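Here is a short briefing to read alongside the model. Have the viewer open, and let's walk through some charge pairs and a helix.

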Amino acid sequence: MFGRITMPMATYKRKKRQGIHSKVVFGKSLHMPPAFSKVLERHNKDAWKVFRCYVHTVCDYAARSNTVKQNVLPLSKVAIQPNHLGPALSENATGKSNVLKTLQASANQSTTLSPFVMTSGHSDKDLPMFDADILQAIRQGVHIEQTKIPTLIPPSELTDTRGKPVYLNAYVYDFFKHGSKTVIRKENGLDSGDVFDKLKDFKLVIAAISVALEELGPKSDNVVRAFRQLGNEYSKKFKLQYPSYRD
């Protein structure tokens, strides 16, 4: 859940041929308990629902502000003006166009989606279809950090931008087993600086969770004790590798 780093399968296979002894990656065989999967699925749905409401609100405000024109094609950046439609569609001899009026009357109305996306017949209710890359579907001039959405993709469903499966780098698990930063760098494919940063971040996360659990429950609780032990053992291994580090 924390400190996630992905590794393409091609990279893993190459390292496997080189001879490695660590787990290195968690693949599609890593499945969460059914009860946890249901909780995660419900959390993701709720998070996306809130985020889509946020997107609708921001886009609606941008539409009313009308600060960015929506007549620019996304790839060529060519601006399409009404007079480019030609006399048959823009205006006839009498100054009216039945074709253009018919098209405008039947057009979907949206303050969220870009006109380019709407040409496929989509409207605001279709926004969930673009969850994978929502920034490419919304109106121009709106900048939203999609990476900040607090959702968690199950390991068995992770893919890259091309839809190819990727796997979770098991550097945290491997370090907890052998406690060697050198092995993590060589076998898990992390740079020296990244090894320190990632291991330190995970150490701090476990420490924070442990403190929070001790505040919520009795110290004799098995979950509280488990996180306390995990934090202590992980911290010891980390300090052996980085003796100059001070909390």
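A salt bridge here is a side-chain nitrogen of Lys or Arg within 4 Å of a carboxyl oxygen of Asp or Glu. This is a predicted model, where local features need pLDDT of at least 70, side-chain atom pairs count only at pLDDT 80 or more, and totals for chains, interfaces and linings use all residues. Residues are numbered from 1 along each chain as its sequence is written, and side-chain values use heavy atoms, leaving out hydrogens and water.

**Salt bridges**
- The structure holds five salt bridges.
- Arg-64 pairs with Asp-60, their closest N and O atoms being 3.2 Å apart.
- Arg-64 is exposed, at 59% relative accessible area, while Asp-60 is partly exposed at 29% (buried is under 20%, exposed over 50%, partly exposed in between, with a 1.4 Å probe and protein chains only).
- Glu-41 forms a salt bridge with Lys-45, with 3.6 Å between the closest N and O atoms; both lie in helix 2 (residues 34–65), four residues apart (helices are DSSP runs of H or I, at least four residues, and strands are runs of E, at least two, numbered from the N terminus).
- Asp-131 forms a salt bridge with Arg-52, the closest N and O atoms being 2.5 Å apart.
- Asp-131 sits in the loop between helix 4 (115–118) and strand 3 (166–169) and Arg-52 in helix 2, so this pair ties together parts 79 residues apart in sequence.
- Asp-131 and Arg-52 are both buried.

**Helix 7**
- The buried residues of helix 7 include Val-195, Leu-199 and Phe-202.
- These buried residues pack against helix 5 (171–178), helix 6 (181–187) and helix 8 (222–241) (contact means heavy atoms within 4.5 Å).
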